[in-house]
Amino acid sequence: MKRFLSVLFAIHYSLFTLTAQTVTVPYQPGVTSEGVVYFLPKTAILITVQIEKTTYTPGDFCKYADRYLRLKDVSDEPTVTYRITGIRQEAVSTADTKKRFAVKFDPKTVAANIALSDDGVLLAINATPKPIPLQQPFKSAVRPEPINPRQYMSEEILAAGSTAKMAELTAQDIYEIRESRNLLVRGQADNMPKDGVQLNLMLNQLDKQDRSLTSLFSGTIQKDTLEKTMTIVPNKESKQSLLFRFSKKLGLVDDDDLAGVPYYIMIEDLHAIPMPDPEEKKKQKQEEGVYVNVPGKMKASIYNAEGVIVTNEFPAAQFGNVELLSGALFNKRYTTHLWINPVSGAIDRLEAEQPK
């Protein structure tokens, strides 16, 4: 949601003068009490880590997997493992509390409309700001209902007096199911289906029974996808800042937990724009207008001991300058429309309606 702060000063045209001014000054509590206070943004980085969680549950007949189905290395211990499947970065906005200004309107100034974000970042003047895309919450896929393999067990299997006997009879059923499937595929079954649709239905049902009963020996593997997000606000260059620690057995762990492998982020200032002249900046503070960012650029690289995983370049308000947009643009009888980039604080578009 955006909130709009509308400051309207409407008087008869005869009261308009070219000397009416919209004054923008650095904010000081108690000094600019009759103005609209706004912030310029600072560029933050939203980091999303996608993790796959794999849960292995041994089957009831796991100890007989090699004897009856020749399945090697089937574990009888449940395990949970994690792996990172992707890391992505995107630039987002946060209010820079050190770049706080107030717009104070002269009583003779024409109507003005100032749009601010929820945290007070300047978005537009005399214009409707562009919608800021919201981060959509991650939703995992719907997990299918698990199949109970016991529903495919015959009465003989269920009546067996020991687990070993149940495993033996179940293995015999599995081989019979596979033989039936092979006969259908070869067209040698006694009761062949009349068309391809019926054939596919029968094959699918046999595959389902095979997988379900085999899981009693091989166990089941369940995979879930998790997403973790974190936001950092770079204020200076950094070659090695700890981002998070990750363990294959525990997933994301605390920063001080040495069970996790460290992942770092490196921030580089690309020095895309020259540093401002201090004298010019001092002179600007004495002039009227609206302050906007002239953003620099930064490179963000996430890496671990094995190498760089992802690298992106972003506009960076904190590695740029603050410039003054002349107040004369807002003091004429025509209306000036200004759109500000919500992430970098730079001018996206500037339009002026010429006086008739």
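The expected span of a helix is 1.5 Å times one less than its number of residues. The exercises below apply this and related ideas to a predicted model.

**Exercise 1.** Determine how the span of helix H3 (residues 163–186) compares with the expected value.

*Solution.* 
1. Helix H3 contains 24 residues.
2. At 1.5 Å a residue, a span of 34 Å is expected.
3. From the first C-alpha of H3 to its last, the helix reaches 35 Å, which is close to that expectation.
4. After the helix comes Gly-187, which has a positive phi near 75°.

**Exercise 2.** Identify the buried residues of H3 and the helices against which they pack.

*Solution.* 
1. A residue is counted as buried under 20% relative accessible area.
2. In H3, the buried residues are Met-166, Ala-167, Leu-169, Thr-170, Ala-171, Asp-173, Ile-174, Ile-177 and Leu-184.
3. These buried residues pack against helix H1 (65–69), helix H2 (155–158) and helix H4 (196–218).

**Exercise 3.** Trace the bridge partners of Ile-265 in strand S10 and in strand S11.

*Solution.* 
1. Strand S8 (residues 238–247) pairs with S10 in the antiparallel sense over six bridges; here Ser-241 has Ile-265 of S10 as its bridge partner.
2. Strand S10 (residues 261–269) also pairs with strand S11 (residues 289–304), antiparallel and over six bridges.
3. The bridge partner of Ile-265 in S11 is Ile-302.
4. Met-266 stands opposite Ser-301 in S11.

Terms used: Residues are numbered from 1 along each chain as its sequence is written. This is a predicted model: local features need pLDDT of at least 70, side-chain atom pairs count only at pLDDT 80 or more; totals for chains, interfaces and linings use all residues. Side-chain values use heavy atoms; hydrogens and water are left out. Helices (H or I, at least four residues) and strands (E, at least two) are DSSP runs, numbered from the N terminus. Buried means under 20% relative accessible area, exposed over 50%, partly exposed in between (1.4 Å probe, protein chains only). Contact means heavy atoms within 4.5 Å. Two strands pair if DSSP finds at least two bridges between them.
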